[in-house]
Amino acid sequence: MQPFVLPEFYLSYPARLNPHLDGARKHSKAWAYTMDMVDVPQHGTVIWNEHDLDSHDYALLCSYTHPDAAPRELDLVTDWYVWVFYFDDHFLELFKRTGDIEHARDYLDRIARFMPAEGEITETPENPVERGLTDLWNRTVPHRSAAWRRRFRESTRNLLDESLWELANINENRVANPIEYVAMRRKVGGAPWSANLIEHSLNAEVPDEIAAKRPMEVLRDCFADAVHLRNDLFSYQREVEDEGELSNSVLVFEKFLGCTTQEAADAVNDLLTSRLHQFEHTALTEVPALFDEHGVQLPGRAETFAYVKGLQDWQSGGHEWHLRSSRYMNKGALDARGGPELLGGPSGLGTSAARIFRSIATTAPQRTRAFTHQPHEQLGPVTLPSLPLPFALRLSPQLAAERKKIADWPRRMGILSEGIWDIVRLRASDVPLATAGLCPDAPAEQVSLTNDWLTWGTYADDYYAEVLAHDLPAARLTTERLKLFMPTDGEPPPPPQTALETGLADLWQRTTGPLSPAEREAFRATVESMIDAWVWEVAGQVQNRIPDPIDYVEMRRRTFGSDLVTSISRLTNSRTVPKEIHRNRVIEALEDSAADYAWLINDLFSYRKEIEYEGGLHNAVLVVRSFLDVGQDRAIRIVADLAEARLAEFRHAADVGLPGLFADYGLDAEARDTLTGYADLLKNLMTGIANWHHESARYTDEELDRVRDVPVTAEPSEPTKPPAAKAMEHPGCTGTPYVPIDAKPRLRLTATGLGTKSLHIPAPANSTPH
């Protein structure tokens with residue numbers, strides 16, 4: 001008996017079948033036998049017999065997912081999928097069922113030797129996984145560019161190595177939280193690896209200059225998430241009930257939401273639908289602009305569009321295969337659900353197009369909710385659940401001094417002279433309280449620098465929200481001008497013409513003076529990521545579109561400034577910690593969970609301010625309301641539960657992950673102290689931000705009403721300002737000319753709080769974490 005009824009899937013693209021299916025079946029079967037994958041015991045266990053291989057029908061999978069591949073390429077891709085599924089079952093039998101994590105590490109370390117970045121394979125294969133990888137690597141990699149080889153090697157390593165994460169969770173009987181699960185499933189699930197093979201099968205590589213840009217990353221991640229969520233729905237019975245697996249999104253939702261298995265399956269399908277909607281939105285609205293921005297020539301555009309089409313083919317074809325493979329739970333999946341099907345309801349091979357109409361109609365309400373929110377929704381007073389501080393609070397002894405001089409730096413930069421902030425609003429925010437919690441042990445100079453970054457970021461956030469929220473060309477131009485004030489080559493920036501520019505120029509000079517050119521480039525990239533993300537928010541406001549939940553989580557880290565925090569910490573640790581540590585799963589878990597906890601707390605406290613007073617759309621409570629179609633109180637509770645879950649993940653990474661990392665890499669005492677100190681820095685980040693939200697007046701109803709109703713009195717400006725109504729132009733920027741704030745009509749002010757979208761924690765390059 002199936003544990004739930006498969007939901008109605010969103011299908012917007014017809015599946016097509018490669019005409020060379022029969023040839024691929026014969027070839028892949030012969031190849032599997034040659035590699036000893038069939039009927040050959042491994043440590044006493046036969047992984048596959050001939051019936052297993054035939055009934056799984058990986059040639060059908062690849063013929064559906066690569067309908068335009070030539071015969072030779074279809075054979076090669078099918079062999080890759082036979083290999084990857086064999087690896088999955090081989091790892092299951094040898095290590096997951098036994099919990100043998102130590103030998104699993106050795107097993108995975110050996111496999112890595114058969115994927116050299118350059119040169120030939122020198123290791124001798126000892127089992128079918130190594131033998132198959134050797135053959136496939138030599139047949140594939142020599143024909144591709146260095147950039148593709150780099151991406152493919154990384155995605156293959158992730159697919160293999162993160163199996164340890166699944167095994168560790170099984171051993172600890174630990175179910176991941178939803179945010180953690182999605183991120184890790186991308187690596188262990190292998191869909192980014194599949195995306196690389198799509199490029200290869202079509203001989204259509206994405207140009208390297210855009211491969212790592214946001215639109216292409218979003219397409220890849222949406223593709224990956226949809227593939228994995230769909231697979232989780234079909235494989236729940238096999239994985240959870242038969243194999244004892246804990247890494248399945250249906251189980252994750254079931255445990256996190258406290259709901260039935262059927263309700264969890266429906267929620268997973270809603271998330272799958274949302275990711276496919278995000279894929280379509282990005283392909284239509286962001287990719288064409290990316291071509292223009294980077295001057296991609298016609299051949300590169302054509303190959304990119306072929307790649308996007310290949311991703312769509314994989315989605316549709318993968319779904320058709322799941323409906324038919326004996327590997328999965330699919331009883332009745334081809335039958336009509338919820339009434340008669342359009343066009344007579346065909347369900348046979350090759351008739352997927354007929355199901356598209358019903359699936360689009362079924363999922364239309366979910367898409368509609370994202371675009372029909374009425375701004376400035378009247379919420380009234382909002383009651384939040386109890387949110388205790390995550391760790392013991394420590395405050396810097398510099399707090400009193402910073403409060404005493406709270407207006408000095410903003411006044412010099414002109415922040416109090418543009419009609420957005422006045423001294424009353426500045427003091428009500430109490431930025432020094434946040435700084436004191438974030439940097440309890442820092443010297444006075446670093447505390448002042450951190451406080452000034454926080455002040456600048458909060459002001460920038462208010463500026464984008466109140467002046468640029470519905471003017472996308474102006475937001476883009478403002479952002480491009482800000483980038484001029486972060487030089488990396490010693491070239492002097494132009495004269496600043498706004499308080500934002502004046503402040504950033506000052507902070508850049510004070511922060512990056514001691515950095516090397518390479519460190520300065522890396523630091524600039526993190527700031528650019530943050531301010532570009534502010535433009536993403538403005539684009540969402542202009543479209544009146546509530547973000548997709550996963551896209552919101554990942555962009556919220558950028559708008560919050562979390563990458564800036566981790567970037568600075570990496571700079572300070574670079575002399576004592578090996579480079580590979582910075583990309584380790586444990587460090588990523590510490591950084592991402594700490595950042596997510598901080599912005600989730602912020603979204604709870606700023607919910608009424610952002611939705612009712614500002615008319616915004618970028619808040620986790622609203623995103624949950626729209627996605628799950630639940631009431632406000634339920635959405636608030638879910639967001640609070642997410643914050644608690646991310647905090648629990650941080651504790652696990654610090655208490656269990658770090659000691660394991662120390663042992664795995666054989667780190668010396670200095671490196672261990674550095675990483676322990678870094679974890680303490682992140683604890684201060686979470687605690688300082690949480691304390692600030694509890695104590696600051698920024699989010700109280702009284703302060704929100706005062707800011708809305710009391711006009712700001714601007715102070716005389718010290719720095720040079722542009723003429724009152726003259727538009728500023730910058731070579732290379734396009735769009736509506738930027739108009740200075742004092743040329744704008746007076747706006748109703750609705751303050752955003754510290755870190756609402758822009759938290760900055762700079763530190764001198766020669767410091768250590770506190």
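Which helices do the buried residues of H13 pack against? The legends below, which refer to a predicted model, take up this question and then turn to further close-up views.

**Figure 1. Helix H13 and its surroundings.** Helix H13 spans residues 249–257 and is mostly covered, with seven of its nine residues buried. Those buried residues are Ser249, Val250, Leu251, Val252, Phe253, Glu254 and Leu257. They pack against five elements: helix H9 (178–189), helix H12 (214–242), helix H14 (261–285), helix H31 (620–628) and helix H32 (632–665).

**Figure 2. The chain as a whole, for orientation.** The predicted model contains 34 helices and two strands. Of the 770 residues in the chain, 60% are buried. Among contacts with a sequence separation of 6 or more, 79% join residues 24 or more positions apart. The accessible surface of the chain amounts to about 29600 Å², and carbon and sulfur atoms contribute 53% of this area.

**Figure 3. Packing of helix H22 against helix H25.** Two packed helices are described by the angle between their axes and the distance between the axes. Helix H22 (residues 444–466) and helix H25 (residues 517–543) pack at about 25°, and their axes lie 10 Å apart. Because angles under 35 degrees count as roughly parallel, H22 is roughly parallel to H25. The crossing of these two helices, H22 and H25, is right-handed. From H22, the contact involves Trp453, Trp456, Ala460 and Tyr464, and from H25 it involves Phe523, Met530, Trp534 and Val538. By class, the residues of the contact of H22 with H25 comprise eight nonpolar, no polar and no charged.

**Figure 4. Packing of helix H22 against helix H24.** Helix H24 covers residues 499–512, and H22 packs with H24 at an angle of about 150°, with the axes 10 Å apart. Since angles over 145 degrees count as roughly antiparallel, H22 is roughly antiparallel to H24. The crossing of H22 and H24 is left-handed. On the H22 side, the contact is formed by Ser448, Leu449, Asp452, Trp453, Trp456, Tyr459, Ala460, Tyr463 and Tyr464. On the H24 side, the partners are Ala499, Leu500, Gly503, Leu504, Leu507, Arg510 and Thr511. The contact of H22 with H24 has 11 nonpolar, three polar and two charged residues.

**Figure 5. The pair of helices H7 and H8.** The axes of helix H7 (residues 146–161) and helix H8 (residues 163–172) come within 4 Å and cross at roughly 15°. H7 is therefore roughly parallel to H8. Leu159, Leu160 and Asp161 of H7 meet Ser163, Leu164 and Trp165 of H8. The residues of the contact of H7 with H8 divide by class into four nonpolar, one polar and one charged.

Figure 6. Phe95 is located in helix H4 (residues 71–96). Is Phe95 buried or exposed? With a relative accessible area of 6%, Phe95 falls under the 20% cut-off and is therefore buried. Apart from neighbours within four places in sequence, Phe95 is in contact with Asp100, His103, Ala104, Tyr107 and Leu167. Phe95 and Ser163 are separated by 68 residues in sequence and by 9.9 Å in space, C-alpha to C-alpha. Ser163 also takes part in the contact between H7 and H8.

Figure 7. Ser316 lies in helix H16 (residues 298–324). Which residues does Ser316 touch, not counting residues up to four places away in sequence? These are Tyr13, Pro14 and Ala15. Ser316 has a relative accessibility of 7% and counts as buried.

**Figure 8. Two loop residues with positive phi.** Asp39 is not a glycine, yet its phi is positive, at about 65°. Asp39 sits in the loop between helix H1 (21–34) and strand E1 (41–42). Its relative accessibility of 41% places Asp39 in the partly exposed class. Asn544, likewise not a glycine, has a positive phi of about 50°. Asn544 is found in the loop between H25 and helix H26 (549–560).

Key
Residues are numbered from 1 along each chain as its sequence is written. This is a predicted model: local features need pLDDT of at least 70, side-chain atom pairs count only at pLDDT 80 or more; totals for chains, interfaces and linings use all residues. Side-chain values use heavy atoms; hydrogens and water are left out. Axes are lines fitted to C-alpha atoms, for helices over the stretch in contact, and angles run from 0 to 180 degrees between N-to-C directions. Angles under 35 degrees count as roughly parallel, over 145 as roughly antiparallel, 65 to 115 as roughly perpendicular and the rest as oblique. Contact means heavy atoms within 4.5 Å. Ala, Val, Leu, Ile, Met, Phe, Trp, Tyr, Cys and Pro count as nonpolar, Asp, Glu, Lys and Arg as charged, and the others, Gly among them, as polar. A crossing is left-handed if the near helix is turned anticlockwise from the far one by less than a right angle, and right-handed if clockwise. Buried means under 20% relative accessible area, exposed over 50%, partly exposed in between (1.4 Å probe, protein chains only). Accessible areas come from the Shrake-Rupley method with a 1.4 Å probe; for residues, only the protein chains shown count as cover.
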